[in-house]
Every structure is written in structure tokens, then in C-alpha cells.
Amino acid sequence: MERKNDNASSGLIKSVQKSLKILKYIIDSDSEVSLTDIEKDLGYNVSTAHRLLRTLMEESFISQNQITKKYDIGPEIFFSWLGGRKPEKYFYRVTPILEECVKRTGETTNLFIRDGNEAICITGCESQHTLRAFLMIGRRIPLTCTAAGKVFLSYIKEEELKKLIAKVKFKQYLPNTLMDPESLLKDLSISRERGYTIENDEYEQMITAVGVPVFDHSGRVICAISTIAPSTRVDEEKIKSISKELMLTSKQITEVMGEVFY
């Protein structure tokens, strides 16, 4: 009697299985993966792998670096996991740290993750001042003219950063918005040296913000935290004070989250 081991009898859909294996492979990788990596490690031919990758990209489960052409996880992984629930539920270990930072600085402090050329506000805490920057979870902001966005750019390798910025379509939001690659690269270099970024009436009128990176234990930037305040309440001394508090907050978040960050 013939044994039936085909996909139909086992209930498996081969293309779905292959797609999931690719997705798990990308999630488990320490860095971006190439089409060649997938072909070599999973044994899929180039045309099959490319077709499955395109499908996963179309649904935003993975993303492609337009410079290196390699692949990494996409935003849908994160948002599907969150579902329709409040992000604070999944950041309960971080929220008390942000609350303490707000108490010390007196200003709204938010946490951002990167999605391509934008930063997304995931959680945060608002200032108690009547005049304050509001917390807007889910808000997307550009990388080139915001404190949180510049954090992510500041820690990209120089060669890749130059290629990325060369493709940016600069938009004049306000008179202070940096509008050319040279000015932005200089700003990012200064930010990297001092350890924090500054946004001064560049994206929103009368808003000043300071941003710092949060690293994992391997030194990789996993998110950015940014304190945002009305420019009328911010001077050079306050910027320095906020930056010190944010650096402390960053270290605390790294310690609390351990090896796993959402």
C-alpha cells in the first residue's frame, strides 16, 4: 500500500511553510540578510526565494534596505503583535522610567522606534504644565528634522548614512529646517560626539526637543527617547540638564529590558 506523504495529505501548504521559514530566519538573524543567504541556508532557489520575499514585503512583514538590498523585519510584525491594544501594556516596564524622567525634566518624554525613513511614537508620558507638548501614540515623524529621528541617523555607519541622505527629499517645514545633506551630516556628527540630538523649531513651530539613543547589550540602537517642550521654556542650560536625565533614563531602560526589547 502506497504511503501518502504529499502536501495535500499532510495538510501543509508548501508556499506558506516556506514563507514562514524565511520570516523566522530573518527574525532570528543578528543583521540584515541577503537573497544569497536565504538561498544558501534554507536551500531555496533564487526565483522561489525572491517571489516569497516580495509577498512578505507586500504585506509589510519584512522590509528591504534600499541601499544594501538586504532584508530585515518589517513594521507589520510589531503592529500585528500589538493588535488593537494600547502599546503601554507591552511597555509596562519602561513606562515608570519615563514617568520619573518627566518628573525630573518637567517636560513630555516619548519613546520612538524606527520604520524606514520615519520614527513612530510608541509610548511616553506628558508634562503636567498647562502649556506642553502632547503625547501622540502612533504618530509618525521624519528622521531628518526631529530629535528622535536624528538619533537613528546618528548611529548609522557613515558610508550607508551618506547614501541614505543622498536619496532624501528634503522638505522645508520651518525656516530652521536643515535643507541639504552637508548641513545634516554636520549636525549628526556633532550630535554623535556629544551623545544627544537637538531639534530647535525645525519640524514644529515653537517646539524644542532633545533625543538620545537606547542601546541593547550588544550596542545596537533599538529605540530613541525624546523630551519635547515649548521653546519658550528651553535654554542652553535646560538642554544640558534634559540631556543628562535622558542619558540616565536610557541606561535604565537598557537594564530593565535586558536582552529582549519589544
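Modeller: The model is predicted, with an average pLDDT of 86 for the protein and a score of at least 70 for 86% of the residues. Two packed helices are described by the angle between their axes and the distance between the axes. For helix α7 (residues 147-154) and helix α9 (residues 181-194), that angle is about 85° and the axes lie 10 Å apart. Because angles from 65 to 115 degrees count as roughly perpendicular, α7 is described as roughly perpendicular to α9. On the α7 side, the contact is made by Lys150, Leu153 and Ser154; α9 contributes Leu184, Asp187, Leu188, Ser191 and Arg192. Sorted by class, this contact comprises 3 nonpolar, 2 polar and 3 charged residues.

The cores come next. The largest nonpolar core has 24 residues, and Leu98, Leu111, Ile225, Leu246 and Ile253 have the most contacts inside it. Two or more residues each are given to this core by α6 (95-105), β3 (108-115), β4 (118-125), β7 (207-215), β8 (221-230) and α10 (236-257). A second, separate core has 18 residues, including Leu184 and Leu188, both of which also belong to the α9 side of the helix contact. Ala119 and Leu164 are also among the residues of this second core.

Over residues 1-5 pLDDT stays under 50, and the model has 1 contact beyond four places in sequence for them. Where pLDDT is low, the predicted coordinates should not be read in detail.

Conventions. Residues are numbered from 1 along each chain as its sequence is written. This is a predicted model: local features need pLDDT of at least 70, side-chain atom pairs count only at pLDDT 80 or more; totals for chains, interfaces and linings use all residues. Side-chain values use heavy atoms; hydrogens and water are left out. pLDDT is the predictor's confidence in each residue, from 0 to 100. Contact means heavy atoms within 4.5 Å. Axes are lines fitted to C-alpha atoms, for helices over the stretch in contact, and angles run from 0 to 180 degrees between N-to-C directions. Helices (H or I, at least four residues) and strands (E, at least two) are DSSP runs, numbered from the N terminus. Angles under 35 degrees count as roughly parallel, over 145 as roughly antiparallel, 65 to 115 as roughly perpendicular and the rest as oblique. Ala, Val, Leu, Ile, Met, Phe, Trp, Tyr, Cys and Pro count as nonpolar, Asp, Glu, Lys and Arg as charged, and the others, Gly among them, as polar. A nonpolar core is a set of buried Ala, Val, Leu, Ile, Met, Phe, Trp, Tyr and Cys residues joined through side-chain atoms within 4.5 Å. Buried means under 20% relative accessible area, exposed over 50%, partly exposed in between (1.4 Å probe, protein chains only).
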